[in-house]
Amino acid sequence: MGLLQESMQIARRDLLIESRRAYEILSTIFFTVSAVILISISWGAPISITIEEGAAALWIIIFFTSILSFTTSFAREMDRGTIGGLRTIPCTPFAILLGKVIYTIVLLLLVLVVLTPMSIVFLNIQPTARIFELLLVLVVGIVNLAFAGSVVSSIVMYSEGKTLLLPFLLFPVSMPIFVPALLASEKVLRGLPFTDYSAELRLLGAFLILVIMISVFAFEAILEE
Amino acid sequence: MSEYAVECKDIAKNYGHIHALRSVSLKIKPGEIVGVLGHNGAGKSTFLKIVGTQLMPSRGTAHILGKDVERQRKEVRRIVGFLGHLSFMYDELTVEENLQFYGQMFEINQVDLKNRIEEVVDLVDLDRYRAVEVKKLSHGLRKRSDLARIFLHSPKVIILDEPFSGLDEAAVKLLINSLKSQGEGATILLSSHEFDLVKGTCNRTMVFRDGRVASDTGGS
């Protein structure tokens, strides 16, 4: 079985488990909805909210929502002992990480499905402002965040204080994602051409390659304690 | 292929300054059923975890049928079935879904897997529970579902860490019977506190004390 097939099996299993724990997905969706509405009320949107504030609100919500999924990613396997099961299967360790990344991407895309229309209504993000380009930036940022967050989640899974450590470590790690993703989103919303935000996308691409390279070499050691 | 199913040379495991395993060297031939005995903290679980690729040794080498547990982990996992203290089954999935997942990860093709699941579920007498979520199973039934998991890929070396703990007499009997039928020809290593039970099941016993093998009797 190839790397991608192994990862897909792991992601499929995680999504099946998640579907049986629908209340957790619903709580993430509820968090997204309430965050958008609260920001909208606080900033007097949609009338007075600026493009910068709208883009910032989007990424703050995505960041905090991602923490919700990272806290269950590897931590649940560790707490229940099923991490031992993953150590019995004859697959490449990186496939396990990639499976978790795919699972997180699916969950965050689900959040995006709710977040995008709500942002149009409540956060003054105009659909005329090239929605597909905005989605491209959001998806690239989410893929980055899913990779970096899953690696951090695997590193902290052995710690008793993982719920504290995860956001603590994820914050600096996600900065090289958060800043260019935020800038690129702003530029898209301003209606600037692709050439104006391609540098941010290249930066995100370079960071993704770096995280993948590190995890290919380091994840085996992380998984095997 | 190596002459030995399990071959360890001077393996040790340290957790900081705690020596869980000091120096273990042993050879186990294919087909042997080895009981690993010892008090709590004697090192038996650490030893089984190392040969089961759950832990890496701090020193020394361990080979399963000639394959290095550190360098050929993937190959070793194909031929080893490991039952740990904790269940490796996913609570929210049914017994069948769990077995499907593990079977797919062991690259058993879909048609064979269906038949194999039927066989192993029947063997551990879990047929009535195959569509039940694992979280709804009792401790004994859960252990049986884990046993079905390790039988799935017909391992040549079966490692059972405290398989009898928390089981009643009937469940222990069922476990031993399923081991005898499914594990026929396989090398089995099982740890337990229950000396008499191990004596009656195994043809070789090793007693661990303070991270070392203190006695080894009945080996061929």
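Predicted model: local features only at pLDDT ≥ 70, side-chain atom pairs only at ≥ 80, totals over all residues.
Reader: Hi! Let's start with chain A. At what angle do helix α3 and helix α8 of chain A pack?

Author: Hello! Helix α3 (residues 51-73) and helix α8 (residues 162-189) of chain A pack at about 150°, and their axes are 9 Å apart. Angles over 145 degrees count as roughly antiparallel, so α3(A) is roughly antiparallel to α8(A).

Reader: And which hand does the crossing of α3(A) and α8(A) have, left or right?

Author: Right-handed: that is how α3(A) passes α8(A).

Reader: Which residues make the contact?

Author: On the α3(A) side, they include A:Trp59, A:Phe63, A:Ile67 and A:Phe70. From α8(A), A:Leu166, A:Leu170, A:Phe178 and A:Leu182 are among them. Sorted by class, the contact of these two helices has 15 nonpolar, five polar and two charged residues.

Reader: Nice. Now α6 and α7 of chain A: how far apart are their axes?

Author: The axes of helix α6 (residues 93-122) and helix α7 (residues 131-156) of chain A are 9 Å apart, and the packing angle is about 135°. With that angle, α6(A) and α7(A) are oblique to each other. Their crossing is right-handed.

Reader: What residues does each helix bring to that contact?

Author: Among those from α6(A) are A:Leu97, A:Val101, A:Ile105 and A:Leu108, while α7(A) brings residues including A:Leu138, A:Ile142, A:Ala146 and A:Phe147. The contact of α6(A) with α7(A) divides into eleven nonpolar residues, four polar and one charged.

Reader: Switching to chain B: what is the order of the strands in its six-stranded open sheet?

Author: The order is β6-β7-β8-β3-β9-β10, and the pairing is mixed. At the edges are β6 (80-83) and β10 (212-217) of chain B, each of which pairs on one side only. Ignoring direction, neighbouring strands are turned by 15° against each other on average.

Reader: Let's zoom in on β7 and β8 of chain B. Do they run parallel or antiparallel, and how many bridges join them?

Author: Strand β7 (residues 157-161) and strand β8 (residues 187-192) of chain B run parallel, joined by five bridges. As one example, B:Leu160 has B:Leu190 in β8(B) as its bridge partner.

Reader: Which strands does helix α1 of chain B touch when it packs on that sheet?

Author: Helix α1 (residues 44-51) of chain B touches β3 (33-38), β7, β8 and β9 (204-209) of chain B. The direction of α1 makes about 150° with that of β8(B).

Notes:
Residues numbered from 1 in each chain as written. Chains lettered and ligands numbered in written order. Axes fitted to C-alpha atoms, helices over the stretch in contact; angles between N-to-C directions. Helix = DSSP H or I, 4+ residues; strand = E, 2+ residues; numbered from the N terminus. Parallel < 35°, antiparallel > 145°, perpendicular 65-115°, else oblique. Left-handed = near helix turned anticlockwise from the far one by under 90°. Contact = placed C-beta atoms within 7 Å. Nonpolar A, V, L, I, M, F, W, Y, C, P; charged D, E, K, R; others polar. Pairing = 2+ DSSP bridges.
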